[in-house]
Amino acid sequence: MATAERPALSALVSPHSLAEFDEHWPDKTFVAQGEPSRLPEFLRCRELSSIGALARVYRGRLAFCSGAKTSYLVPGDPSYAQKLFHMGLTLYFDDVAPYIRGAQTFLEQLENDLGIAVGSTRMTVWASPREDGAACHYDPNDIISIQLYGTKRFELAPVREISAPYGMQYSPGTMPFEDLYTQSGHGFPDWRTAEFTATEMKPGSVLFFPRGTWHRTFVNQDSLAVAIVIEPPPAINCLLDELRPVLLQDPRWRTPLYGAWGNGRQRERALARAEELLRELPNAVSALSARDLILPTLTEEQRLEGIDERTRFQRVPNTSVSAERAGDDQEALQWMRINFRDENGMQHTLASVETPRQYADIIGWFAEQERPFSVQTLQARFPATPFDELKHLLQVCARGGLLKLLWFPAIDIKPASPSAQ
């Protein structure tokens with residue numbers, strides 16, 4: 001992919017090439033050194049020129065810690081940011097992009113450049129006074145750290161006990177969270193045997209390190225840095241988010257395991273039901289494709305752009321279509337209104353669609369459907385209409401509130417067995 005096609009990422013990794021970065025992403029540490037002037041313009045804005053300037057506009061979550069001693073963060077008031085900093089405390093600004101002009105646009109472009117889900121990045125700021133820093137810990141997400149002013153030393157080492165950790169940040173000496181027990185088959189993470197490597201950060205330095213990297217910092221002069229947190233949904237989340245609507249189609253999965261918490265025969269019947277469901281679970285999983293796993297992470301607009309023959313739709317309940325009278329000219333445009341009738345019987349217009357008259361029958365067909373239908377079924381019903389035109393009509397009617405794109409595959413439901421009654 002050409003540099004021009006990944007402008008946000010290119011701006012961060014320069015003077016290195018994207019090809020060099022691609023050799024490291026997402027598994028290996030990468031460092032780019034250079035003058036701050038090469039960085040995107042929003043990183044050189046007034047709001048990021050000092051802690052005071054940032055505190056004056058920031059209204060998000062602020063936390064502080066004595067970073068050299070502990071990574072435990074205490075909630076704070078942004079209006080006291082400068083005072084806390086002058087007390088020798090490290091400050092953490094949780095999400096600064098909404099307060100920095102151009103930052104959100106950059107993050108969206110970076111997500112596109114990296115091929116990750118929309119909304120998977122967040123821009124934070126770390127400010128540490130001289131002689132402080134950050135205590136050793138690892139994060140369950142990838143980090144791009146950008147030094148804006150001051151200098152500090154990063155020391156990094158891979159977490160060898162857990163690859164691609166899931167859940168929360170973990171620091172030595174803190175109580176493990178529940179999900180950490182499921183990941184610790186090779187023992188709990190211990191930084192004391194890790195071999196650290198040092199990276200010196202100065203204004204303009206950019207450092208990428210992957211999730212599951214021990215890191216600690218030492219600040220020898222007042223430091224302010226942006227940290228872009230990269231947290232696309234893990235594969236397990238993609239699976240569970242898509243498997244749930246698949247199983248919800250089956251009344252047996254919607255039925256409680258009555259008796260499972262009792263004893264005797266009622267418990268035996270409930271466990272027999274559970275065993276039957278588990279035996280059939282692979283059939284439900286097999287209904288999923290790799291493409292299906294991505295659909296829950298997409299925005300509705302992205303789903304509509306990806307319509308193909310397999311895509312299914314359902315008419316939104318209580319919606320209808322009404323058409324204004326038109327003349328005999330088949331080439332004339334016709335206004336069609338998408339209506340919704342509420343619980344009081346009042347009719348509301350959700351949208352007005354101007355369409356060539358030859359498409360009015362198709363929109364009318366949408367409004368008559370009581371059950372889900374696929375694009376393939378639609379094509380069979382209107383074979384003379386090109387796919388691109390059908391796709392456009394589906395998009396218009398979905399945006400207008402008449403149709404809902406179904407992001408999950410349909411499954412065949414077997415009749416309930418006597419044991420499930």
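How many aromatic pairs does a search of the whole structure find?

Guide: The model is a predicted one, and a search of the whole of it finds 18 aromatic pairs. A pair of aromatic rings is described by the distance of the centres and the angle of the planes. For Phe21 and Trp25 the ring centres are 6.1 Å apart and the planes stand at 20°, so this pair is stacked. Phe21 has a relative accessibility of 2% and therefore counts as buried. Trp407 and Phe408 have ring centres 5.0 Å apart and planes at 90°, so they form an edge-to-face pair. Of these two residues, Trp407 is partly exposed, at 24% relative accessible area, whereas Phe408 is buried, at 16%; the cut-off for buried is under 20%.

Ring pairs also build a cluster, which links Phe313, Trp365, Phe366, Phe373 and Phe382.

A cis peptide bond joins Trp25 to Pro26, with omega about 0°, and Pro26 is found in the loop between α2 and β1 (30-32). The bond from Ser14 to Pro15 is likewise cis, with omega near 10°; Pro15 is in the loop between α1 (7-13) and α2 (18-22).

Most residues other than glycine have a negative phi, and most peptide bonds are trans. Positive phi values occur here at Glu131, near 75°, and at Ala164, near 50°. Glu131 is placed in the loop between β5 (121-128) and β6 (133-137) and is exposed, with a relative accessible area of 53%. Ala164 belongs to the loop between β8 (152-158) and α6 (178-183).

At Glu280 the helix α9 bends by about 35°, and Pro282 follows within four residues. Buried residues of α9 include Ala270, Arg273, Ala274, Glu276, Leu277 and Ala284, and the buried residues of this helix pack against α7 (235-247) and α8 (251-254).

Note on methods:
Residues numbered from 1 in each chain as written. Predicted model: local features only at pLDDT ≥ 70, side-chain atom pairs only at ≥ 80, totals over all residues. Heavy atoms only, no water. Bend = angle between axes of the 7 residues up to and from the residue. Helix = DSSP H or I, 4+ residues; strand = E, 2+ residues; numbered from the N terminus. Buried < 20%, exposed > 50% of the residue type's maximum accessible area, 1.4 Å probe, protein only. Contact = heavy atoms within 4.5 Å. Phe/Tyr/Trp six-rings, centres within 6.5 Å; stacked < 30°, edge-to-face > 60°.
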